[in-house]
Amino acid sequence: MTIRDAQGRVLPSAGRVLQRRSDGSIEWLRLDILLALKGQEQTSIWVETQPAAQPAVGNPVTVRETPEAVVLANGLTEVVIGRNGGSLIQRLTVRGRTVVDERHTVDLVTVDGGGKIHRASLAGPWRVSVPHANALTATVQIEGIHRARD
């Protein structure tokens with residue numbers, strides 16, 4: 001597939017067929033498109049079935065997995081997602097500035113029907129996987145439980 005902007009230029013994109021019909025045609029398609037828009041800006045794009053040469057992505061997404069963490073980066077931003085408990089995000093750096101580090105806790109919190117607070121940061125280790133990644137985006141899936149302090 002090829003994605004074009006309103007001026008006919010090919011946009012960086014990556015597609016993945018999620019489901020096909022019995023006749024082999026595509027029923028569901030995940031399509032990642034890189035397009036710079038200002039707030040509330042509207043534009044038109046065209047989806048073509050024929051492939052075309054893709055333009056280079058200026059800051060491609062990379063994924064690095066270690067036993068302790070999953071690291072996503074693109075040259076501008078880096079996020080380290082821990083696997084072992086504590087803060088879900090161990091470090092977040094944006095344009096060289098550290099936003100989250102060991103002094104911070106990034107957590108998922110739920111409250112049960114009785115008002116008791118349960119936190120992901122109190123549990124762990126988690127199963128952290130990357131079910132989808134390309135030069136434009138990555139999806140990180142974190143599976144685990146929440147625990148209350150008591």
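Predicted model: local features only at pLDDT ≥ 70, side-chain atom pairs only at ≥ 80, totals over all residues.
Begin by selecting strand 7 (residues 77-82) together with strand 8, which run antiparallel and are joined by five bridges. Strands here are DSSP runs (E, at least two residues; helices would be H or I, at least four), numbered from the N terminus, and two strands count as paired if DSSP finds at least two bridges between them.

Residues are numbered from 1 along each chain as its sequence is written, and side-chain values use heavy atoms, with hydrogens and water left out.

Now widen the selection to the sheet: five strands form an open sheet in the order 5-6-7-8-9, and the pairing is antiparallel. Strand 5 (62-65) and strand 9 stand at the edges with a single partner strand each, so one side of each has no neighbour in the sheet. From one strand to the next the twist averages 15°, where axes are lines fitted to C-alpha atoms (for helices, over the stretch in contact) and angles run from 0 to 180 degrees between N-to-C directions.

Next, select Arg95, which lies in the loop between strand 8 (89-94) and strand 9 (97-100). The phi of Arg95 is near 50°, a positive value in a residue other than glycine, and at 66% relative accessibility Arg95 counts as exposed; the cut-offs are under 20% relative accessible area for buried, over 50% for exposed and in between for partly exposed (1.4 Å probe, protein chains only).

Go then to the loop between strand 3 and strand 4, where Gln40 is found. Gln40 also has a positive phi, near 65°, in a residue other than glycine, and with 79% relative accessibility Gln40 counts as exposed. Ile45 lies in the loop between strand 3 (26-33) and strand 4 (46-48), and counts as partly exposed at 35% relative accessibility.

The charged pairs come next: the structure holds eight salt bridges, each a side-chain nitrogen of Lys or Arg within 4 Å of a carboxyl oxygen of Asp or Glu. One of them joins Arg9 to Asp5, with the closest N and O atoms 2.8 Å apart, and Asp5 is buried at 6% relative accessibility. Another links Asp32 with Arg30 at 3.3 Å between the closest N and O atoms; Asp32 is buried at 11%, whereas Arg30 is partly exposed at 24%. In a further pair, the side chains of Asp101 and Arg103 meet at 2.7 Å, N to O, with Asp101 buried at 10% and Arg103 exposed at 68%.

Finish at Pro125, in the loop between strand 11 (117-119) and strand 12 (127-133), where the peptide bond from Gly124 to Pro125 is cis, with omega near 5°.
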